[in-house]
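Good morning, and thank you for the time.

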Amino acid sequence: MLKDKNILYIVHNYNTFQKDPIEEAAKYFKRVYVLVRYKPLSKIVKIIPINWLKKFDDSYVIDLRDLPDNVEVIKTPVWYLPYGIFYKWAGESHYRSVKKIIEKFDIKFDLIHSHFIWTAGYVGMKLKEKYDKPLTITAHGYDIYDIPFQSSAWRKRIVKVLDSADELLTVSDFAKSFFNSLNIKKTPYIVYNGFNERLFGKVNKQEVRRKLAFPKNKKIILTIGNLEKVKGYDLLLEALSIVAQERKDFLCIHIGTGTQEKKIKGLIKKYNLEKNVKLLGKKPHHELKDWYGICDFF
């Protein structure tokens with residue numbers, strides 16, 4: 001019976017699409033331990049008020065609101081750079097940090113679930129080897145359609161991690177197709193991203209617009225997501241530049257950050273959309289209800 005079991009989650013953040021399913025699954029377990037990877041730079045962010053550093057604040061990756069009684073979230077400090085050869089070393093660094101925490105808090109677990117193949121999946125593989133516990137890995141996006149195809153070395157590394165798992169999950173048919181091209185031993189199950197209905201609902205649009213200081217006479221377009229090439233935000237801006245030739249009474253708000261942020265800012269300037277497009281960066285998950293509430297289009 002799962003009610004007698006403890007599960008250990010290895011995750012890159014504890015908000016939105018990892019927080020919600022973990023807390024939903026928590027009702028079926030005795031204890032749930034969530035070890036969240038974070039950059040220790042977040043400690044500096046709290047002291048030095050520099051805007052571009054805010055994305056490293058751990059409040060953006062860890063949401064402890066309404067935490068179930070049997071869920072314990074523990075921050076796992078990992079020093080790493082998410083680029084090239086430096087990111088290859090991050091797996092071992094992440095594992096050493098997790099291992100220390102398990103030993104420090106004497107964490108006992110029966111199952112392991114890693115969200116993202118690299119670096120959480122690598123950590124799960126190493127924990128399975130050490131503790132002989134079953135492992136599930138969920139692939140979410142770039143970790144399956146990008147990282148394995150950067151080089152033969154990355155491909156070999158990712159395939160090894162995936163083949164170590166007892167079960168594999170992913171979030172879409174698109175993501176599943178990449179498992180086939182990697183010749184992974186197991187076929188992943190698809191578990192689509194859902195939403196927590198307790199967090200979202202109708203709001204008074206005019207009241208929220210006043211609270212957030214947005215004009216009444218503008219049509220508001222909202223988009224939320226990582227600013228990455230695969231998302232196609234360059235196409236959105238091209239489309240908005242066409243709209244702007246006919247009308248100016250719209251405002252496109254984007255919530256999220258990513259590696260394409262500099263390029264997107266350049267396109268906003270290129271298309272003369274500075275007055276019509278606003279990049280707000282990351283927002284805490286619990287604030288999104290208001291942003292959904294004020295928009296006319298999403």
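In the lining of the largest cavity, helix 9 gives the most, with three residues. Helices (H or I, at least four residues) and strands (E, at least two) are DSSP runs, numbered from the N terminus. A cavity is a set of points, on a 1 Å grid over the protein atoms alone, where a 1.4 Å probe fits but cannot get out, and lining residues have an atom within 4 Å of a point.

This is a predicted model: local features need pLDDT of at least 70, side-chain atom pairs count only at pLDDT 80 or more, and totals for chains, interfaces and linings use all residues. Residues are numbered from 1 along each chain as its sequence is written, and side-chain values use heavy atoms, without hydrogens and water.

Which residues line the largest cavity? Among them are Tyr 233, Leu 236, Cys 252, His 254 and Leu 279. Helix 9, strand 9 and strand 10 are the elements that give two or more residues to this lining.

Three strands form an open, parallel sheet in the order 8-9-10, where two strands pair if DSSP finds at least two bridges between them. Strand 8 (219-224) and strand 10 (277-279) stand at the edges with a single partner strand each, so one side of each lacks a neighbour in the sheet.

Strand 9 (residues 250-255) is joined to strand 10 by three bridges; His 254 has Leu 279 as its bridge partner in strand 10. Helix 9 (residues 233-244) packs on the sheet, touching strand 8, strand 9 and strand 10, contact meaning heavy atoms within 4.5 Å.

Methods
Axes are lines fitted to C-alpha atoms, for helices over the stretch in contact, and angles run from 0 to 180 degrees between N-to-C directions. On a 1 Å grid over the protein atoms alone, a cavity is a set of points where a 1.4 Å probe fits but cannot get out, and a pocket is an open set with protein on both sides within 12 Å along at least five of seven lines; lining residues have an atom within 4 Å of a point.
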